[in-house]
Amino acid sequence: MSALLKSREAILALAIALLLVVIASRFPAFVTPGNLASVFTDTSPLILLALGQMVVILTKCIDLSVTANLALCGMIAALMNGAGVPLPLILLLVVALGAVLGAVNGLLVWKLDIPSIVVTLGTMTIYRGIIFLLTDGKWVNAHQMSEGFKAFPRAVFLGLPVMAWIAILGIVAFVLLVNRTPLGRAFYAVGGNPHAAVYTGISVGRTQFAAFVLSGALAGFVGYLWVARYAVAYVDIASGFELDVVAACVIGGIAIAGGAGSVAGCVMGALFLGIMKNALPVVGISPFWQMAISGAAILIAIAFNARGSGPKGRLILKTPEVRA
Amino acid sequence: MTPVLSLRDIQKSFPGVKALAGVQLDLYPGQVTALIGENGAGKSTIVKILTGIYQPDGGTIAVEGRETRFPTAQAASDAGVTAIHQETVLFDELTVAENIFIGHAPKGRFGLIDRKAMEAQAKALLASIHADLEPHARLRDLGIASKHLVAIARALSIDARVVIMDEPTAALSHKEIQELYDLVATLKAKGKAILFISHKFDEIFRIADRYTVFRDGQFVGEGAMADVNEGQLVQMMVGRSVDQIYPKRPAQIGAPVLTVTGYSHPTEFADVGFTLHQGEILGFYGLVGAGRSEVMQALFGITKPSHGAVKIGDEVRVIRSTAQAVAAGIVYVPEDRGKQGAVKGLPIYQNVTLPSLGRTSKGGFLRMAQEFALAREYTQRLDLRAASLDQDVGLLSGGNQQKVVIAKWLATKPRVIILDEPTKGIDIGSKAAVHDFMSELAAQGLAVIMVSSEIPEVLGMADRVIVMREGRIAAEFAGDAMTPENLVRAAVGIEGEAA
């Protein structure tokens with residue numbers, strides 16, 4: 001299985017390389033290191049959200065409320081900034097708030113056994129509704145934000161903006177979490193075989209809860225990054241972006257049925273989408289075609305996944321060990 | 001009298017298992033034939049062949065003397081063979097009338113279903129079996145007994161000549177069972193041939209006219225019920241020698257490890273009590289559904305008992321979750337390996353270390369070298385054959401998957417290991433290895449509970465046997481009292497000594 005996954009990631013890496021070659025043939029400036037770095041920076045929010053989504057999907061769930069969570073936390077960050085709360089405290093509070101919003105999803109899935117798609121469809125509307133209640137639908141604009149608040153994500157550190165460093169940090173943390181901690185192992189066990197997980201003493205609900213809290217905390221943090229970077233906060237920011245997040249996971253080979261997938265795949269899935277979003281306008285392809293191409297990428301990725309993970313039969317002919 | 005349905009020399013094999021090795025079965029009009037056999041004797045397989053779900057590998061099926069085949073379930077139904085299963089296969093969201101006539105509803109103008117005619121015919125059919133059901137009632141609102149009635153009305157509506165009843169009384173109350181007996185009498189009077197599968201001897205003697213006995217996929221005998229007694233039937237069911245060699249070593253039985261008293265569950269079992277000693281293999285025998293697995297699952301914290309106490313050594317332990325059970329030193333290897341055992345998609349070593357991650361991690365991070373070492377230690381003890389510990393568990397054979405699951409639990413250093421049907425569905429070579437290992441575990445001082453439906457395995461491996469029936473402990477045997485006859489008598493509920 002792991003060899004197969006590796007090869008699937010290799011296929012994805014190849015696809016990204018191919019994409020870059022095609023783009024470079026028409027627009028060489030796109031593949032300069034400086035531009036690639038800026039594409040990576042631009043894709044950072046997607047990468048971070050996709051990492052959170054990945055662990056949720058690993059446990060057989062889905063979190064559609066990520067971007068509503070992001071918008072609510074972003075708005076609250078902007079409001080706190082307006083009220084003069086210092087930035088470090090804002091960062092701490094948005095992560096905590098995001099985690100709480102994620103925990104609401106997780107608790108509903110865990111304790112009430114409601115399918116996650118229904119839970120997060122509901123909370124996504126509620127979270128956006130709360131923004132409206134907080135602001136009466138008013139925007140928080142750039143001139144209402146302090147310079148420090150807006151500058152942090154763009155501040156350059158060792159040649160890369162803080163935003164990009166945060167994404168890199170997130171990737172490293174998730175590689176460790178997923179591969180090297182008991183919780184990470186539990187995500188795979190719960191998604192791979194929930195019945196067996198129960199018989200192993202792993203609580204399926206609690207593990208799913210943990211995944212939602214992680215996804216929520218990341219969404220809260222990205223909420224600040226988003227609002228600070230684009231210097232605007234309103235009800236509808238990042239609306240519809242949750243589908244890109246899920247798409248990044250699916251393209252990256254995270255099995256939608258749970259239990260399979262890797263951080264590397266997830267990140268490459270996000271990068272693939274990010275490169276397309278940034279490159280296609282440059283190459284002069286209309287936004288409508290961009291959507292069609294993104295859609296086709298998802299279907300192709302799913303087809304690959306289905307081929308890889310289909311039923312293998314009983315392996316009747318491969319039974320030397322049985323006869324032994 | 002010629003039989004309506006006659007099977008001769010029916011063969012059926014599954015990979016690694018010969019389910020039926022040349023069995024015969026005759027069903028006569030207006031007679032109830034009881035099909036008797038232990039778990040795994042081949043009863044379910046023959047029902048599936050009769051209803052067109054399985055195709056036999058060899059042999060003949062004759063309907064009223066003419067040889068035929070049932071390539072599909074529809075073909076069996078067209079030939080007039082219908083089955084009423086333990087869990088009746090009907091459609092919960094449809095009405096009684098729709099269930100009765102699905103597939104052959106009376107048609108009106110334009111080929112549309114004539115609802116009125118359908119409900120009228122349904123009413124007439126239901127009346128003919130004295131069933132007081134509304135044709136337009138939704139099936140999901142009915143109890144199991146009523147669903148059986150609908151299934152029987154459906155059988156009559158397609159003019160079935162052969163009705164197969166597969167443990168029809170398993171889920172019925174006493175009153176409903178009486179009604180079912182009346183119904184069987186009605187069907188007999190209508191000249192239907194009935195194949196009645198049941199584990200309950202009192203029931204068989206009450207309603208059957210003839211019997212056929214299978215054992216290990218082979219035909220043992222048939223005849224009129226009037227010519228046999230219970231003892232003779234039991235003899236036919238189990239009449240084999242325990243010829244397989246079991247690697248049971250004389251055990252050094254020590255102090256009590258696990259004491260269970262008054263263990264009860266609201267719906268599954270009642271008043272179960274036993275003591276398990278160090279170094280002992282305690283067998284739990286019973287028919288499928290006797291409540292053995294349910295007791296074990298409660299001991300492992302999967303389900304919660306309503307009453308009763310569990311003592312580990314001298315210490316009372318509360319077990320409300322699997323984690324508490326593992327902490328108390330009780331581990332459980334479930335029967336359904338595919339579903340409850342191994343996590344397919346994860347490599348072997350990760351499956352083994354899953355409950356022991358606390359021991360293979362440091363500072364919250366897993367250490368792969370430790371994980372591999374632990375996995376290697378326990379899989380080697382079990383003689384697991386795999387290309388590498390990095391291999392996906394899903395690619396292993398059933399026997400080796402079983403070893404991975406057992407290795408996983410041994411790695412937690414338990415005091416009590418519960419093995420639920422440890423060798424079900426695995427090949428003989430792996431079986432012997434599992435038996436051998438079970439013996440070794442006991443010799444090392446572990447206390448072993450073995451739930452098994454295979455009599456030779458129970459007799460060959462266990463030091464003591466507890467027999468369960470209908471959620472209660474029916475009997476306990478040790479030493480010379482551990483005979484096939486005694487086990488089966490206790491399991492099916494016949495009093496007295498073996499004939």
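B:Lys413 is an exposed residue, with 11 other C-beta atoms within 10 Å. You'll find B:Lys413 in the loop between helix H14 (398-410) and strand S19 (416-420) of chain B. Helices (H or I, at least four residues) and strands (E, at least two) are DSSP runs, numbered from the N terminus. The phi of B:Lys413 is near 55°, a positive value in a residue other than glycine.

Before going on, keep in mind that this is a predicted model, where local features need pLDDT of at least 70, side-chain atom pairs count only at pLDDT 80 or more, and totals for chains, interfaces and linings use all residues. Residues are numbered from 1 along each chain as its sequence is written, while chains are lettered from A and ligands numbered from 1 in the order in which they are written.

Now hop over to B:Asp271, a residue other than glycine whose phi is positive, near 55°. B:Asp271 sits in the loop between strand S11 (256-264) and strand S12 (272-277) of chain B. It counts as partly exposed because it has 13 C-beta neighbours inside 10 Å.

Those two strands take us to a sheet. Four strands of chain B make up an open, antiparallel sheet in the order S12-S11-S14-S15; strands pair if DSSP finds at least two bridges between them. S12 and strand S15 (315-317) of chain B are at the edges with a single partner strand each, so one side of each has no neighbour in the sheet. Between S15(B) and strand S14 (residues 307-312) of chain B there are three bridges, and the two run antiparallel. Look for B:Lys311, which stands opposite B:Val316 in S15(B).

Over in chain A, helix H7 (residues 162-180) has 19 residues and reaches 26 Å from its first C-alpha to its last. That's close to the 27 Å expected at 1.5 Å a residue, where the expected span is 1.5 Å times one less than the number of residues. Which residues of H7(A) are buried? They are A:Met163, A:Ala164, A:Ile166, A:Ala167, A:Gly170, A:Phe174 and A:Val178. These residues are on the same side of H7(A) because they cover an arc of only 150° around the axis, taken from the directions from the helix axis to the C-beta atoms. The face turned away from the buried side of H7(A) carries the exposed residues A:Leu169, A:Val172 and A:Ala173.

Key: A residue is buried if 20 or more other C-beta atoms lie within 10 Å of its own, exposed if 12 or fewer, and partly exposed in between; C-beta atoms are placed from the backbone.
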